[in-house]
Amino acid sequence: LRSTWLQFPNVGVDVSVRFLIRCRGAPASIARALTLENNTYQDVLGLDVAWNETRVRGPVLSLAAWLQYAASALPHARFIAKVDDDAYVHTLQIQQLLRSILVQSPASSGRIYMGVLNWYHWFPQIFSSAAYGDDFQQGVEAGRRCRAGMTCLDCGACVGPFIAASGYLILLGRHLAAEISNSPLLVSDVARLSSSTTLPARNGKPAALVLEDVWLGSILYRAAQAGQLQGPVDYVTLRGYGYGRRANLLYSDAWGLQVPPLALLVHLRHKLLERYLATHAFVTLPSEWCGSRSFTLHCHSGCVAFSPTSLEYSPAALLRNDAEARARLDSLPAAEQRMIGALYSAPFCASAAQQSKARFCDVRVEAPHDCCVTAAKPGEAQEGVTAGRPRHCSTAVDIVTRGHAPEIALLRDRLLNGTLPASQAWSRRAGRHAWMAQKGVRRPWRMGAAQRQSRLE
């Protein structure tokens, strides 16, 4: 990470980054290593969480500790985020997006909850997630049996559906982060989880993992239901609903690692160093990656905003034009009519005054017409793009293939061998040529020892 996106010029100036380490009770050798690491880079934060926590309690306790620390120790931060180590974050573009939010919604910017938003259900008693959906309709359908108590008899109540941001980027406005970190629900959950030696999974076996991102979304949802929030929340999604449900121009989260030129967030699931390097080479190459853009928030208020397909069938629309609106509603398939009815009766909206005034916003991005023009010369292979011709800014590139380029392999090996400092990893020549690979060559070699060593643990 220090060799790639932490090299952006706003890191350490406008953006403060810390590596969060669970270190309470750590052996002396590990404590010395962490001290040395922090003395060298000044970016390591030790959390008051047991150093040997597993993935059952560790992620939740670490996230809670970070929010509580950031809310109190970083008084000048307008936004507080949590990022996984398998995420590539374009901090310059994230900062530009947040500045746009400050200009367009200055009153509510402190109460945003932003990321790649999905819908879940949750069993608070056993800290278990259930019933995933891309949108409200899918969440309602997926959680039907969960809400009816048919999926787990000894797990307690199933709550939802509610919104949770995917864990590789969760960003909150400062005021909302402070409210959540001090909410009785969070404090109670942390105390209950800390005192638990084991947790049961829904199948009755010991749990192996608790998803901290879904847990935080459930805290936000349950706190609103309990009246523990001081105002409504602005839910900002990077999913790109304005371009169709599957557009996803602002992020990449697919196993195939197809990254569009407008992406400001890439989820690198395999944690291979060469893919971090290839992504960084791509987004720092002006002829391919679009760095000139403007962001606009498109928001709707109230419960109806959380299901775009039912905006025209809101109670206000039905009252405004009763006959026409009801005729359109009656013409819909029965399943969609059930979804619209479920929306208005869902606890997410109906039971909390804060949520009834909440807003759901999607981010629209505009780029100049020449933003994604390729600068390749005739004869140069460039992912099937005609040399010298403009291409649509949604045309993605294959980071897996680019990770096999010789220049990337050289950078990777030099970084792993310690012969190249992270701050010197990107010469002008490397940034220009590191992405190039022979046309049609997808996997020149199988994963060997060198590649396995390059995994970022």
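This is a predicted model: local features need pLDDT of at least 70, side-chain atom pairs count only at pLDDT 80 or more; totals for chains, interfaces and linings use all residues.

Guide: Residues are numbered from 1 along each chain as its sequence is written, and side-chain values use heavy atoms, leaving out hydrogens and water.

Visitor: How many aromatic pairs are there?

Guide: Rings of Phe, Tyr and Trp (its six-membered ring) pair if their centres lie within 6.5 Å; planes under 30 degrees apart count as stacked, over 60 as edge-to-face and the rest as tilted. By this rule, the number of aromatic pairs is 6.

Visitor: What kind of pair do phenylalanine 8 and tyrosine 88 form?

Guide: Their ring centres are 6.4 Å apart, with 80° between the planes. Phenylalanine 8 is in the segment before strand 1 (19-24), and tyrosine 88 is in strand 4 (residues 87-89), 80 residues apart; strands are DSSP runs of E, at least two residues, numbered from the N terminus. The pair is edge-to-face.

Visitor: Why is the pair of tyrosine 120 and tyrosine 132 classed as it is?

Guide: The planes of these two rings stand at 65°, and their centres are 5.4 Å apart. The pair is therefore edge-to-face.

Visitor: Is tyrosine 120 buried or exposed?

Guide: Buried means under 20% relative accessible area, exposed over 50%, and partly exposed in between (1.4 Å probe, protein chains only). Tyrosine 132 has 40% and is partly exposed. Tyrosine 120 has a relative accessible area of 14%, so tyrosine 120 is buried.

How values were computed. Helices (H or I, at least four residues) and strands (E, at least two) are DSSP runs, numbered from the N terminus.
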